[in-house]
Every structure is written in C-alpha cells, then in structure tokens.
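Student: I'd like to learn how to read a model like this one. Can we go through it feature by feature?

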Amino acid sequence: MGIFIERPLLAACAAYLAAALLCVSLCEKQRLLCLMIFLGLSVPCLLCALFIQSHRAGFGKALLCLLFGAAAVLSSHLFFGRMLSVSSASETVSLTAKITDVGYVSDYLTVCTARVREYDGEAADFSIELTFAKGVDLQAGDVIAAATLPTEFEENLYGYNERQYMLSRGILFSAEVENYETLGHEKPPLYTRLKNRVTARIDAAFDSDTAALLKALLVGERDGLSTSLKRDFRRLGISHILSISGTHFTVLLGLAALLLKALRLNKKTIYILLIPLALSYMAVTGFSVTVCRAGIMALMTYFAFLFGRTRDAYTALFLAVVLLLTFRPYAVADVGLWLSFAATFSILILSELFSAARLSCGSGILGFLCAVLFRLALTAVVFFATLPIVALSFGEASKLSPLANLLIVPLFELFLYLAPFSVLLSGFAPAVRLTEGVCDFICRVASSLADRDDLLFSLRQPLVLPIAVCGILLTLILLAVRLKHPILSLVPLCLTLAALAVYIPLFDSAFAKADRIVYTTVGTNDGFLVKSGGEALYIDISTGASEPTRKAEYLAEMLYRPELDGYLPTHYHTRHINTFDKLTDRTHIKRLYLPPPVREGDGDIRSALAEIAVQKGIEVIDVEYEKSTAFGGCAFTLCTPEKLSRSTHYVTCLSISSGENDLVYLGSSFGDTTRDFSALAGKAEVVVLGQHSPGTKNDFALKTDGVVLFGSETVAAHANCESASAILPKNGSYTFVFDRN
C-alpha cells in the first residue's frame, strides 16, 4: 500500500510515536544519549539533502523523521526527567493545591485528586493524589495548604500497575496529608458545571443501572457501573464500548450533524457549528485521551473542508496522537490511547481494502452478507492490531468476542443515538421507560452470553507476545512498501492468528499435564491455589480478608488461567460474605465448596455464602471432614478442626493429593493439638507449616526424612524444622509441581 512512503509526515509521526514509546523504559542518561543520536544523525541528513540533488527527497524524509524523533525524546526527557523528580522527596513537604475531584470518602479515609500550585515553596503545576486518614469535608474547587508525605504508587499490586495507571492520568504520586488548612473555594470550570448538571439530570430521572450506563456513554463517568456489568463485558471482549472513544464521538457528532442538516443548513455552516460542539464535548468528558484523539481527527476533517483541502485519515490519526503526546507526555503510559490508536489504524486499513468490494455488493442480501463479513473481518483485524497491547497489559481474550461485536456493539450504537434524546426528554415518562427497557434488554443479552464457562483464554503463554510483535512488524513493512496486490498486507494477520490457534492449545495441553499447587501468605493469612485439569481452585485459609483473594486471582492468571473456577473457605468469618460477593462480581466462579459449620454463627455465614452462590448460578458442593473431594486431577481433604483449650480458635489442617503425591498443610498451632504428625503427614512429599492461627506454645519435632518442609520464620521458631527446604517470607508464595504421569 505504501502508506508511509507516500506520506512523509505520516512516517515522521510514526518515528515520533516509536521514540516516545522507547523513552518510557529508558533512564535519564539513556534518553539524553538518544537525543544526541537523533540530532547527530540529522546533521549529515541535512547536508546530503542540500548537496545531493538526486536523492534530496529521500534525505528530506529521513531528516524529518529524525527531527520528529528528537522532539519526542526531548518531550519525554522534560517530563520524565524533571517532573517526576518532585516525587522523590522522603520527608514532609508543604504544598498548596486545588481539589479537582473527591474520589472516596469514609469515616477513616478520604482520597482526593488535586492540582498543585505550590510545592515545597516553589511554583508548580501538576496533579497528585491526596490521602487523608479520616473523613474530611472537602469539595472540588477547594484550595488547601497542607503538610504531606509523598509516597510512590505501586508498580505491581498483584498484577495491577498502579503507577502506570495514575501516571497515564497525569497524577505523578500520592501524598499522605498530615494536616491541612482550607484557604478558599473556586468555582469549577463551565464545562465541569455542565457535566454535573447532565449527570444530576440523569440520576434524577432513571434507575441506578440505566443512569450509570448513560453517564458512562455520554460523559465518561464510569464510577457508577456495577462490577458485574463490567465483568460481563470483559468476558465478552467488548469492554471498549463502556469507555468513551472514537465510536461514541462519531455517533454523537454524526447525530448533531443530521439534526443540523434537517434544519436545511449547508455543509459549510454545519461544519462551522460542529467545531465548538466537538470542543465542548471534549471538555465535558474531561479531555480524556481517547476522546481527544477522536476530537482532533474530527476537527482536522472540519478545517480541511473549510479551507478546501483534502484530509488524509492516516496522517490525521498519527498527527492527533503526536499532538496529544506533545502537550500531555504522560499519556504515553495510557493503554487506552494505544488500544484506540491501533484499533482505528486497523479499521482504516481494512476499510480501504474492502471499499471496492463493499461498493460492488450494493444493497440487498449480498450487501447484507458483505456487511456481516466486514464486521467479522473487522473483529479479527482489530484483535490482531491490539494483540501485543492486550497480551502485555491484560493477558486474556474472549472466545465470544466476534459474536459479541456482531450482536451487542450495533445495539449499543443504536442506544447511543437514543441516549441524548433520553436525557433531553428525561421528564417525559414514556421516554424514560423506553430508555430503561432498552438498557435492560441490552444488559440481559450481554449477561446471558457472558454467563458461560471458560469464555476467556490466556495470552500470557511465553511465545504469544513474540508471535504478535513479529506479525505486527511484518504487517507494517508490507504497508510501507508498494504492493501490486494490497490484500497481501493481510497475510501476516492470517499467519499470526493461525500460529496462535495452534500454539496456545498445544501449550495449555502440555502445561495441564502436571498439577500445580501454589501456597501463598498475606500477613497471617494462608491459601492454596490448585491448578489441575485446566481449572483453578482457591482454598482460602484466612479471616475472610479480600487481599489474599486478590492475590489468588493474580496467581491464577500467571498460571494461564484467567479466572478462578472454584472457591473453598476452610472455615468461616463474617468477612467471607463480602469477599465472596465481590469475587463473584469480578470473576466467573463455577463451584463453591462449603465445609460444615463448627463454631457458633458458622451456620449463618454458610447460609449467606450459599445464597449468594444460588443467586449467581454457582454450583454449591458440600464438603465433609475427613472425606476426599475431587477437583480436576487432584483431591483435597479437610481434617476435622480441633479447638484449642486456650482460645476459640480451631486449628486448620488439610491435604491435597495429586496422583501418588501428597501435600499436607498444618496450622501453626498444630503442636498444641492431640493429632499425631506421623499419621497425618508421615508419607507426604511436602509439608507446609501454616501461619493462620495463634503462635504455638509447645515446640514439636517433625520427622523430615524424605519430607520437603516449607514454612515461615515465625512458625520455624516454634518447631524443630532446621532441615526445612525453604523458609517463606511474609507475603510470599511457593509453587509445587506434581506430574500425574
């Protein structure tokens, strides 16, 4: 297709984007070295362009690419090298800031986003997250002076890169507020007040689910969306429609254009009126990067028409992202921007390749079949174009994505046309009922499709990312050269998808031949993640805290299982109810294993867990003490809990069998029980000394001949286990692999 050779500005923008992405992983000295290389190579290119007449155009293009690359490196250096240095303070720092958003308020915690005006006695202009260790009465627009202690965001919070996410929004770091003083209050900007009025109107007229969806689709307010709805859309591979992107922008501005055209306005007048509408919509949605990308492209279209120029869609796309990164360098960390960019680029290419075929099909049955084929091809092309980003950032994909994009996405596009009128007519009861009915229908269709087992498959296998990157690079090379048959540029796509269709099942099959049991500790909470027979079971030996469950979900993803399939609490705490309820909203649980109640109140907790499972279509399996329960190729057995005379705590012990291999878990107070170690664990290959119980008072010796022993330093201090094979640190984990063959 030769899209880069024929468009020098497009090639230069591509060099800018590549350099911006590269600089994210470089240190300050490396960025300066890159800047010197770009500038150093620019000098001979300039001289060659001036004195070698026959190749002036080629050297001119190279010079333009080098200068754009140097500009990207310089922009990254100024932001990452200078702006991020303010977060390195380790002592209390005074600041003056304006509250821009109040995210969370409770009796014990308040989290706000603020724009800093003065930092450590010097003028500043950046955003931070302020954390108050109590409930405070602050509103957006309040100006405060505070003494704060800066803290860095986590880079790997059970697979979640908090630092990257916050940085992509321009929030440099977090700060714990020790004390503060309110200096005054400033009115929010006009577009913020307009957004607040729209959201208030929606909340007043519609039920909570419909209101949350309308706010997400119209103004980008996603906080009200239920976790279960986001889970359903994630499992269907259509989460992108819940975030405002180019589709939403195009539909809403297209609707405005149709209304203006109905007033018999000419095209020039319509475009003049659409410019302030586009800018206003970008402002109301908070200037999110995906909306700004679509908005800049739309503005280029309008101005090109008004000035009698032809707009090139490829160059407009690349230039829009370059402009975004120039004025907001931190947006280079925004995964949504790159997903939007890759998807739009692939749509432009496919539309160009299919344009002749779609015109020749015309209308009727042939045209309908062509439209369906184009939709399916579009899903495959977008999946391929975004594959490296998805594999690196999310590590999972949906088997139903083609069907969901074919059925549900068009419904949402139609709903987008209805949404503005629904808000305008929110006082008209029939319009409200119609909107709520349509919203409920779409959500029920999505829920019915998403409520299936094993919809997600992992993209974390070792060769997935290299295969995807090679396919993308080969495609870009074919797009850069002039091909006699442009359709050949789709060959890497077919080869990549075919390779993954073969590689992923083969890898999963080979990986599933062995059972993997991961022992985890989070504080004094223990747990086991059992990966067997292609499924994952979490055995929760905790007080019901949510943090261990989050860790188990992350470990399942690392074992190429995107979701947990089973959940077993070994004993009951009230917090298990809320933790399990939230877990089922985030992931698709197939089975809930419930042991018998032991303590007073266990029966109520057990009933509450079973009720949640029934409501969400989860199979409930009763577990009996001292009786083996099968899971995949494994089996687990819970020992009858033994109460300690000195406390209300029961000691938890269990065993997990995989073929001829046995793993035994002993609570840390095992030495205070009447159980015989040899009878319980004498033949086990692995013995784990747990932490979830009070520290034992009596030392006890373990026969470790032929036994692999694992435990923590806390537990090791109370037992004769000097020959232990591993001492696990706090919040650690260890994986045991048992080959059933």
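Student: Among contacts in the protein between residues at least 6 apart in sequence, what percentage join residues at least 24 apart?

Tutor: A contact means heavy atoms within 4.5 Å. Here 69% of the contacts between residues at least 6 apart in sequence join residues at least 24 apart. Keep in mind that this is a predicted model, where local features need pLDDT of at least 70, side-chain atom pairs count only at pLDDT 80 or more, and totals for chains, interfaces and linings use all residues. Residues are numbered from 1 along each chain as its sequence is written, and side-chain values use heavy atoms, with hydrogens and water left out.

Student: How many helices and strands does the protein have?

Tutor: Both are DSSP runs numbered from the N terminus: helices are H or I with at least four residues, strands are E with at least two. The protein has 22 helices and 25 strands.

Student: What does the radius of gyration say about the protein?

Tutor: The radius is taken over C-alpha atoms, and the globule rule is 2.2 Å times the number of residues to the power 0.38. For 741 residues, a compact globule would come out near 27 Å, and the protein's 29 Å agrees with that. The C-alpha trace spans about 90 × 65 × 60 Å along its principal axes.

Student: And what share of the residues is buried?

Tutor: Buried means under 20% relative accessible area, exposed over 50%, and partly exposed in between (1.4 Å probe, protein chains only). Of the 741 residues, 50% are buried.

Student: How many disulfides does the structure hold?

Tutor: A disulfide is a pair of cysteine sulfur atoms within 2.5 Å. The structure holds zero. Take C639: its closest cysteine sulfur, in C653, is 5.4 Å away, too far for a bond. C639 is buried, with a relative accessible area of 7%. For C470, the closest cysteine sulfur is in C494, at 17 Å, again too far for a bond. C470 is exposed, at 51%.
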